[in-house]
Each structure stands twice: as structure tokens, then as C-alpha cells.
Amino acid sequence: MKVDILAIGVHPDDIELSCCGTLLHHIAMGKTVGLLDLTCGELGTRGTAEIRLQEAENASQMIGAVVRGNLEMEDGFFEYTKENMLKIVEIIRLMRPEIVLANAISDRHPDHGRAAKLTADACFYAGLRRIETEWEEEAQEAWRPKAVYHYIQDHNLKPDFVVDISPYMDRKIEIIQAYKSQFYDPNSKEPKTPISGMDFLESIKGKNAMYGRPAGFAYGEGFMVARTIGVNNIFDLV
């Protein structure tokens, strides 16, 4: 079950909208990726929790993730509690990722910032051996990811670094559209929302172009960190 990267989102589609280009890039490099949703997104205007779970599974297969899970916390009303913290700790110890990608530190949707804090803290606590957890009645060993990076979502925040996703931009849009209940579908009878039109998909491409341009990329995904990044080779910086 060990993965190189674990991407965590509070809602199904957070990962796809914000960092699936980065995941595609690293899968192409031979890295393994796991996905984790904290809620089923049941408060969404369109679709149902059941539909979104199936859409999430379809998107997961398109990305090439080795596993996807859902912790079924309460959409909109999940809290920073020991119970919720330990749910994430268990998954981190099970999958033992080197890197965790998490929700935006601050964003328009209140769930995003709260999930970012919950996830980042869970990554720390997962490394404390005196916090006991088990999986299928077997005790888990402590595990702390080497880094937590927060992807950027609705707000145009200044990234600490940008990943080149130029070869994967078209595929990213296709993966987003796996969520037919949420995004552009000319045959949908659901209510219109700010994210259900073709213009929203174009805005995603525009945002990725905006983040990519200063780094010399056609398209990029931006990330923020809560600690200083260290490098072994300055030639890795472009």
C-alpha cells in the first residue's frame, strides 16, 4: 500500500481541479500516487454523494492512482477533533507517503482551510510513536511524510513553487469532466452553478497558464509550503 505521493482533498474533485496535472507528471516519472477524500461532497448543489463517489473512482482510474479512499466526514461541518485526526493518521501510516498534497491554506470555501490545517497536523502526529493506531486489528508504526505541500484552489495566492504541467493540461480537463454532475455537461438537467459552465473549464486553463508563465511554462500548478524548502542541487531550480 505504500505510495510516493498521497493527495488529500476535503471534497471529491478538489484534487482533480488543483493538482492532478502534478500527479500525472510524477506518475509519468514512475512515482506511485494515492488519493484520499475527507467527505463525499454531499452538500453540493448538483448530483448526490453516491454519484460523486462513482465519479471520483472514474477520475482516479484516469489519473492512474493505485488507490483512492474516502473518510466520510461530514461535508461542511467536519470538525478538528481527535477522531477525525486519527482517521487521517491511520491512512498516512498505512500508505507511508513521502509527500502529501493538501488543500489550500486559505480559500473561498471554509472547508478548504480547515481541511488544510487538519491534514497538515495529522501528518505531524502520524510521526509520534506514542499515538497508537491500528489497521485491521494490527498496530501501526509511526510515519511522518517528508513534506506537506498545499495546492492552490479558488483564490489566486502567490505560490512558493510551480510544477510544469504543460504536457498534461488537456488530460487534466478531461479528468475534471469525469465529474459530470458538477461540471460542464450539455445534457445535464441539474441546476446551473458558477462551476457548471464551459467558461469555468476555460478559467482553469487560464489560471494554470497564469501560474506557469512566470516560471517559463505554458501551464503550471502552484503550491504553498508552511516551512522553508531545502535543496541539494541548485540546478534543480529553474
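Are Phe183 and Phe200 buried or exposed?

Tutor: Both Phe183 and Phe200 are buried, and this holds for a predicted model, so every value below is computed from predicted coordinates, with side-chain atom pairs counted only at pLDDT 80 or more.

A search of the whole structure finds four aromatic pairs. In one of them, the rings of Phe161 and Phe223 have their centres 5.3 Å apart and their planes at 15°, and the pair is therefore classed as stacked. Because Phe161 belongs to strand 8 (residues 161-164) and Phe223 to strand 9 (residues 220-224), this pair ties together parts of the chain that lie 62 residues apart in sequence. The two partners can be described by their accessibility: Phe161 is partly exposed, with a relative accessible area of 23%, whereas Phe223 is buried, with a relative accessible area of 1%. The pair formed by Phe183 and Phe200 is also stacked, with 5.7 Å from centre to centre and 5° between the planes. Here too distant parts of the chain are linked, since Phe183 sits in the loop between helix 5 and helix 6 while Phe200 is in helix 6, 17 residues apart. Ring pairs also join Tyr149, Phe161 and Phe223 into a cluster.

The largest nonpolar core has 33 residues, and the members that touch the most others are Cys19, Leu23, Leu35 and Leu101. At least two residues of this core come from each of several elements, including strand 1 (5-9), helix 1 (14-28), strand 2 (33-39), helix 2 (49-63) and strand 7 (147-151), together with helix 5 (169-176) and helix 6 (198-212). Helix 1 provides the largest share, six residues. Apart from this core lies another, of 23 residues, with Val10, Met95, Cys123 and Val148 among them.

Cys19 deserves a separate word. The search of the whole structure finds zero disulfides, and Cys19 is accordingly in none, the nearest cysteine sulfur being that of Cys20, at 7.2 Å. With a relative accessible area of 0%, Cys19 counts as buried because the limit is 20%. Cys20 is likewise in no disulfide, with the sulfur of Cys19 as its nearest cysteine sulfur at 7.2 Å, and Cys20 is buried as well, at a relative accessible area of 0%.

Helix 5, already named as a contributor to the core, also contains Met169, which counts as buried at 1% relative accessibility. Leaving aside neighbours within four places in sequence, Met169 is in contact with Ile204, Lys205, Asn208 and Tyr219.

Methods:
Residues numbered from 1 in each chain as written. Predicted model: local features only at pLDDT ≥ 70, side-chain atom pairs only at ≥ 80, totals over all residues. Heavy atoms only, no water. Core = buried A, V, L, I, M, F, W, Y, C linked by side-chain atoms within 4.5 Å. Buried < 20%, exposed > 50% of the residue type's maximum accessible area, 1.4 Å probe, protein only. Helix = DSSP H or I, 4+ residues; strand = E, 2+ residues; numbered from the N terminus. Disulfide = S-S within 2.5 Å. Phe/Tyr/Trp six-rings, centres within 6.5 Å; stacked < 30°, edge-to-face > 60°. Contact = heavy atoms within 4.5 Å.
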